[in-house]
There are 2 protein chains.
Amino acid sequence: MSETTADIPAATHDGPPTPARRGAAHDSAFLRACRHEPVPHTPVWFMRQAGRSLPEYHKVREGIPMLESCMRPELVKEITLQPVRRHQVDAAIFFSDIVVPLKAIGIDVEIQPKVGPVIADPIRTFEDLKRLRPLEPDDVPYVTEAIGLLVDELGGTPLIGFAGAPYTLASYLVEGGPSKNHENTKAMMYGQPELWAALVDRLADITSAFLKVQIEAGASAVQLFDSWVGSLAPDDYRRSVMPASAKVFDSVAHYGVPRIHFGVGTGELLGLMGQAGADIVGVDWRVPLNVAAERVGPGKGLQGNLDPAVLFAPTKVVETKAREVLHAAQALGTSGHIFNLGHGVLPNMDPDALSRLVAFVHEASAR
Amino acid sequence: MSETTADIPAATHDGPPTPARRGAAHDSAFLRACRHEPVPHTPVWFMRQAGRSLPEYHKVREGIPMLESCMRPELVKEITLQPVRRHQVDAAIFFSDIVVPLKAIGIDVEIQPKVGPVIADPIRTFEDLKRLRPLEPDDVPYVTEAIGLLVDELGGTPLIGFAGAPYTLASYLVEGGPSKNHENTKAMMYGQPELWAALVDRLADITSAFLKVQIEAGASAVQLFDSWVGSLAPDDYRRSVMPASAKVFDSVAHYGVPRIHFGVGTGELLGLMGQAGADIVGVDWRVPLNVAAERVGPGKGLQGNLDPAVLFAPTKVVETKAREVLHAAQALGTSGHIFNLGHGVLPNMDPDALSRLVAFVHEASAR
């Protein structure tokens with residue numbers, strides 16, 4: 001995956017962001033690990049590192065609704081940079097929300113505090129699908145602008161682009177909001193397979209376009225989040241979801257940027273999620289890394305997988321458990337490991353505990 | 001496991017309930033499957049079959065708080081029998097709640113509608129543990145009475161006893177209520193391992209006593225629900241939870257009644273949950289039965305595992321998916337399969353769909 005960026009020198013100009021700008025991060029520990037090359041230390045970043053857990057985030061977001069904050073480039077830049085400054089993580093993750101592309105094509109969606117995304121008018125019929133029009137780069141100028149600002153500022157630190165996967169987006173659209181059991185979504189998937197296939201295919205196109213914008217603006221890697229896909233049995237995933245996720249990965253393959261895929265509770269799906277086209281498969285804390293490696297198979301990197309709840313324990317325990325993750329990864333005999341939590345940072349997590357963890361991972365894994 | 005009941009004739013008297021009363025159900029399809037004996041058809045029951053999904057349940061519960069309803073023997077009998085009458089399932093599950101034994105020893109707990117169990121004063125210290133005094137049969141006379149009434153009425157249909165497992169009870173007690181991430185529970189488990197071990201050990205004793213009461217009153221089998229244990233990695237389960245669960249199973253081993261163990265999201269734990277002492281391991285819908293059988297190993301039965309959300313699809317789809325479960329079980333070459341959903345019945349499920357499913361399983365699996 002390194003051909004595209006390998007020969008491009010680090011950007012030094014101030015012009016509009018281009019893929020060449022990725023060059024500055026080319027030799028970062030994160031991108032080296034993505035390419036399975038030797039690394040000075042195991043790279044570490046945290047899902048949801050930008051946002052809720054940081055007091056400086058709450059300060060800059062004050063009075064600004066979530067989706068509006070995703071549309072203000074200077075604010076997105078600041079929020080994305082906050083955890084990089086504070087924790088010294090090895091990668092930034094673009095601050096956004098999985099429903100941003102839906103909002104951008106005119107879906108009436110808002111993020112309600114303590115609830116999550118709420119869709120005013122759920123998608124339930126073929127007629128409803130017409131509302132899911134293709135996403136054009138002009139629909140999200142604020143994304144291009146924010147990523148340009150970020151890549152300039154980040155220099156050698158890679159920026160990971162971000163999108164929600166078709167199944168998870170479909171679940172929000174069909175249920176009308178967050179759902180525990182995804183009854184309506186699965187009822188459509190099982191009972192109206194043609195409507196379902198058309199829905200996730202449209203969402204695959206929208207997601208692809210959203211990731212392309214981010215990559216063309218300078219993102220060094222992308223992560224496709226399939227938050228709810230762990231609610232599916234492997235056969236259902238293979239039949240009804242994998243084709244759409246594969247379409248997304250395939251659509252950005254020619255850029256040569258690493259493609260990460262993550263969902264929680266996906267132990268039985270890890271192999272299929274890799275086969276869908278991910279270069280790196282995110283693993284939650286329930287699955288030991290050696291088991292995950294067997295299921296994913298050779299040639300793919302792994303990301304994870306410290307139990308987030310460990311961060312509420314004393315520092316010594318955090319270090320013991322983090323060392324267990326590093327040892328499990330080392331035992332695999334590959335440099336293709338990116339340290340992360342097995343799920344996102346929790347809102348009530350102590351930011352200092354996260355900073356200490358980054359320092360510990362760097363030190364304990366120094367080659 | 002059949003020695004205890006094999007030689008005891010079916011009860012025909014009207015005296016106080018005794019273990020002998022179990023005899024009537026000895027040759028039921030459910031108990032035969034538990035013993036891996038040939039069955040006339042695959043037995044089927046549903047977790048949460050009694051309760052929320054049935055209009056006749058809402059009618060009899062009207063105005064009666066949840067925990068109070070568990071303490072009225074005639075009401076418990078009626079609620080437990082409702083799904084047996086309506087769906088013709090092969091087993092009844094004792095209507096109770098996992099916090100009933102906690103309430104019975106004086107813990108201030110109530111079940112808040114749409115929230116779940118709320119503990120007024122969470123358990124966080126060694127001093128707090130003193131409040132977890134041993135459970136005596138006299139603390140739950142209504143359980144003994146309700147089971148006596150039920151066994152009389154059920155005749156040849158077995159009654160499954162019911163308790164929450166130590167980890168899940170500990171999570172409610174430590175968090176003070178339902179929790180998404182179990183931060184406080186895990187912080188104690190990781191950071192104060194001696195306090196944690198003492199807590200789950202006390203809960204193991206309480207749970208054991210609660211199950212013994214049910215078995216001695218006439219329950220033909222028991223299911224230990226560990227609702228939240230799927231939030232743990234295998235190493236943590238082995239180290240911090242398995243000893244307490246094993247103590248529970250061991251304490252009732254001498255009765256010779258089948259012991260079922262279930263938790264949701266437990267794909268990586270299935271082998272260990274069997275090793276803890278279960279005769280039958282419940283499998284959620286995420287893990288195909290052949291994969292579950294490999295992880296659990298030979299000699300144990302499997303219970304499950306239709307995705308509950310399938311019940312929201314058209315009947316034809318339900319039957320196709322149910323047949324897939326039956327085929328997967330048949331391919332294992334054992335009669336030790338009990339058909340169930342991969343999680344509990346959902347409140348908004350159509351009861352008629354459940355009745356049709358029972359009839360279908362009986363017909364499609366008839367030998």
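N305(A) is placed in strand β8 (residues 301-306) of chain A, where helices (H or I, at least four residues) and strands (E, at least two) are DSSP runs numbered from the N terminus. The peptide bond that leads from G304(A) to N305(A) is cis, with omega near -10°. In chain B, N305(B) likewise belongs to strand β8 (residues 301-306), and the bond between G304(B) and N305(B) is cis with omega about -5°. The model is predicted, so that local features require pLDDT of at least 70 and side-chain atom pairs count only at pLDDT 80 or more, whereas totals for chains, interfaces and linings use all residues. Residues are numbered from 1 along each chain as its sequence is written, and chains are lettered from A and ligands numbered from 1 in the order in which they are written.

The same surface serves both copies, since 100% of the contact residues of chain A recur in chain B. Between the chains, 25 residues of chain A are in contact with 25 residues of chain B, contact being defined by C-beta atoms, placed from the backbone, that lie within 7 Å. Helix α10 (residues 183-191) of chain A supplies five residues, the largest share of the side of chain A that touches chain B. By class, that side comprises 15 nonpolar, five polar and five charged residues; Ala, Val, Leu, Ile, Met, Phe, Trp, Tyr, Cys and Pro count as nonpolar, Asp, Glu, Lys and Arg as charged, and the others, Gly among them, as polar.

Helix α10 (residues 183-191) of chain B is mostly covered, with seven of its nine residues buried; a residue is buried if 20 or more other C-beta atoms lie within 10 Å of its own, exposed if 12 or fewer, and partly exposed in between, with C-beta atoms placed from the backbone. The buried residues of α10(B) are E183(B), T185(B), K186(B), A187(B), M188(B), M189(B) and Y190(B). Their cover includes α16 (315-330) of chain A, together with α9 (166-175), α11 (193-217) and α12 (234-240) of chain B.

In chain B, seven strands form an open sheet with parallel pairing in the order β1-β4-β5-β6-β7-β8-β9, two strands being paired if DSSP finds at least two bridges between them. The edge strands, β1 (92-93) and β9 (337-341) of chain B, each pair on one side only. Within this chain, β5 (residues 221-225) and β6 (residues 259-262) pair in the parallel sense over four bridges, and V222(B) has R259(B) as its bridge partner in β6(B). V222(B) is also among the residues that touch the most other members of the largest nonpolar core, which has 250 residues; the others are I160(A), A219(A), V222(A), I160(B) and A219(B). Such a core is a set of buried Ala, Val, Leu, Ile, Met, Phe, Trp, Tyr and Cys residues joined through C-beta atoms within 7 Å. Leaving aside neighbours within four places in sequence, the contacts of A219(A) are F94(A), I147(A), L159(A), I160(A), G161(A), Q214(A) and V257(A).

An antiparallel pairing occurs in chain A, where four bridges join β2 (residues 109-112) to β3 (residues 116-119) and I111(A) stands opposite P117(A). Three residues lie between the strands of this hairpin, in which K114(A) takes a positive phi near 65°. K114(B), in the loop between β2 (109-112) and β3 (116-119) of chain B, also has a positive phi near 65°, and K114(B) counts as exposed because 4 C-beta neighbours lie inside 10 Å.

The UniProt annotation "binding site", from an unreviewed entry, covers R48(A), Q49(A), A50(A), G51(A), R52(A), D97(A), Y172(A), S227(A) and H343(A); such annotations may be inferred rather than shown by experiment. These residues are spread over 296 residues of sequence and also in space, up to 23.1 Å between C-alpha atoms. G51(A), in the loop between α2 (29-34) and α3 (55-61) of chain A, is buried, with 21 C-beta neighbours inside 10 Å. S227(A), in the loop between β5 (221-225) and α12 (234-240) of chain A, is buried with 21 C-beta neighbours inside 10 Å.

Technical notes. Contact = placed C-beta atoms within 7 Å.
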